[in-house]
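Please open the structure in your viewer and keep the sequence beside it. The tour begins at a pocket and then moves out to the whole chain.

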Amino acid sequence: MVENLKFPIANLQDYNEESYMRTDVACKDGDWILYTFTTPVTSSKIDVLSGIPHHPRFIINNGYVEFSYNGTDFIKGDNFDYGNASIYPKQPVKAVRIQITGTNNEPLMAGQDLKINP
């Protein structure tokens, strides 16, 4: 995916719930986004949100989220539903990956920071 330089992919790690990243093209099957943590994160639930915050535009319609304890082997989590998906890890997570399985029927895609719950 080609990022929009006004809304860079770096916005996915700024811990600002109001910022977001945006692509310059629509999603397509095979696209992905990978979040990798320097230190594994302990959480009972991680929410993966797409679209512009507080606005149901540019969401992921076709895809799922997966997670890895070691950064290499991934476990499938929820499918995206109205732009959101969740994972429920049983141990600290090293990486989270968004897998796109089709178009989002929009001219571009937007993504938000992960919501890491205790």
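How do the residues of the lining of the largest pocket divide into nonpolar, polar and charged? They comprise 16 nonpolar, ten polar and four charged residues; here Ala, Val, Leu, Ile, Met, Phe, Trp, Tyr, Cys and Pro count as nonpolar, Asp, Glu, Lys and Arg as charged, and the others, Gly among them, as polar.

The model is predicted: local features need pLDDT of at least 70 and side-chain atom pairs 80 or more, while totals for chains, interfaces and linings use all residues. Residues are numbered from 1 along each chain as its sequence is written, and side-chain values use heavy atoms, without hydrogens and water.

Select Leu 12, Gln 13, Tyr 35, Asp 113 and Leu 114. Of the 30 lining residues, these lie nearest the centre of the largest pocket. A pocket is an open set of points on a 1 Å grid over the protein atoms alone where a 1.4 Å probe fits, with protein on both sides within 12 Å along at least five of seven lines; lining residues have an atom within 4 Å of a point.

Next, select strand E2 (32-41), which gives the most to this lining, with six residues. Strand E9 (115-117) also supplies at least two residues. Strands are DSSP runs of E with at least two residues, numbered from the N terminus.

Finally, display the whole protein. It has nine strands and zero helices (H or I runs of at least four residues). Its C-alpha trace spans about 35 × 25 × 20 Å along the principal axes. Of its 118 residues, 47% count as buried, meaning under 20% relative accessible area with a 1.4 Å probe, protein chains only.

Conventions
Buried means under 20% relative accessible area, exposed over 50%, partly exposed in between (1.4 Å probe, protein chains only).
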